[in-house]
Amino acid sequence: MKKSVLELVFALFTVSLLCSVSTSVTAFVEEWIPCVPNSNYVELSFCMKDQIAYIKVVITFPTPCHNVSDWGEVTKDGYTLGANSKVWKWTGVCVQVIWTVTHTYDLGYLEEGNYTFTFKAWNMPVKSIEFTVSQQGEDPTWVKVAGCVDRYGDVPAYGWLNVFAVVDEWAEGWSVFVVPPPGPRILVYPPPPIDYTIYVVKIVNASVVKLDYDGANFYLSGFWAVSNVTNPRSIEDIIRLVLGMKVVTGELNVTDSWSRFSLTIEGFEEIRGNVTAYRIGEFQTPWEPIPYFDINYDYKIDMKDIATIARSFGSCLGFDRYDFRADLNFDVKIDMKDIAKCAKFFGKAY
Ligand SMILES: [Ca+2]
Ligand SMILES: [Ca+2]
């Protein structure tokens, strides 16, 4: 009994001592205390870059005696996002100088929709912003490349390349070439006096489409459909080229300041050639297709382009009037499908 009384007295003494110390701290020592900023001093702004959404927060404090120790993690609940920060205020004397702090929240990739982001301090809502995410956040960049094939592995070759692409999204295009080159054109009839093979490679699905990528001016990789025929003798032989093509992986590299290209296709020798023309542009309206039909690359779609198609209309690869540049749907023949692909751009410039 005597012992417990002594313990009680000691405990009371300790508590009173602690309280007196605590009181003196509050009264005489300046300290940081939690603070919720006035919403009038908080600005929120939204922006998109490379399909990623960001919210920038700017807080303007009346004195430098404020601090944000933790901006908090972004929380997502459907279309409602937020972040909970820890803001502090110094209770001591402070100069009256405006003090600004900023932070940018990375919201990651967001599906299309209308969102709300709320900036909080100590779980108290401070300010909210509403914003809309659309796939049209930035103008996509398109690329057109035309080229002439001159090498197949170590041997000379002759042929063409035509590629249309939207950077980071998709690409379509193809190349046709003949080994060895029988002359300045590919002609099935009259048959050349040598054995020759026509190769066709066509982009099926480009999984990577990049500008200025890893030493290349332009780079794409993905799946390609490939086919070849040796000594074709008829239109049927040519049509069979694009039926039942085999799908393999491959890459296109455009290098040397857009002057050379190389195609590395599984099961093939390296295909190389000169870039004869290229264009890079941005969509003003993202749903507008690439200006395919500017066949002579003079930035406008006019009678000169139509005339190129008209001259080869009705022809087929391997026959006299066939013009590779006019075969815009890569089916080895030039018909209404090629005209239709671009007719709606007639008279336009870009
Ligand atoms: Ca043109
Ligand atoms: Ca065609």
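This is a predicted model: local features need pLDDT of at least 70, side-chain atom pairs count only at pLDDT 80 or more; totals for chains, interfaces and linings use all residues.

Biologist: In which sense do β6 and strand β8 pair, and over how many bridges?

Modeller: Helices (H or I, at least four residues) and strands (E, at least two) are DSSP runs, numbered from the N terminus. Two strands pair if DSSP finds at least two bridges between them. Here β6 and β8 (residues 113–121) pair in the parallel sense over six bridges. Within this pairing, G82 stands opposite T118 in β8.

Biologist: Which antiparallel partners does β6 have?

Modeller: Strand β1 (residues 32–34) joins β6 (residues 80–90) in the antiparallel sense through three bridges, and I33 faces K89 there. β4 is antiparallel to β6 as well, with four bridges, and V68 is opposite V87. Strand β5 (residues 74–77) also pairs antiparallel with β6, over four bridges, and V74 has A83 as its bridge partner. β5 and β6 form a hairpin with two residues between them, where G78 in the turn has a positive phi of about 65 degrees.

Biologist: Is N67 buried or exposed, or something in between?

Modeller: A residue is buried if 20 or more other C-beta atoms lie within 10 Å of its own, exposed if 12 or fewer, and partly exposed in between, with C-beta atoms placed from the backbone. N67 has 15 other C-beta atoms within 10 Å, so this residue is partly exposed. N67 belongs to strand β4 (residues 66–70).

Biologist: Which residues does N67 touch?

Modeller: Two residues are in contact if their C-beta atoms, placed from the backbone, lie within 7 Å. Leaving aside residues up to four places away in sequence, N67 touches W32 and W88. N67 and W32 are 35 residues apart along the chain, and their C-alpha atoms are separated by 8.9 Å.

Biologist: What is a nonpolar core, and how many residues has the largest one?

Modeller: In soluble globular proteins, nonpolar side chains tend to be buried together. A nonpolar core is a set of buried Ala, Val, Leu, Ile, Met, Phe, Trp, Tyr and Cys residues joined through C-beta atoms within 7 Å. The largest has 49 residues, and those with the most contacts inside it are V145, A165, A171, F177 and V178. β13 gives the most to this core, with seven residues. A second, separate core of 15 residues includes F61, L81, F119 and V126.

Biologist: Which residues of helix α3 are buried, and where do they lie around its axis?

Modeller: In α3 (residues 303–312), D305, I309 and S312 are buried. The arc is that of the directions from the helix axis to the C-beta atoms. The buried residues of α3 fall within an arc of 75 degrees, so they line one face of the helix. On the other side of α3, M303, K304 and R311 are exposed.

Terms used
Residues are numbered from 1 along each chain as its sequence is written. Chains are lettered from A and ligands numbered from 1 in the order in which they are written.
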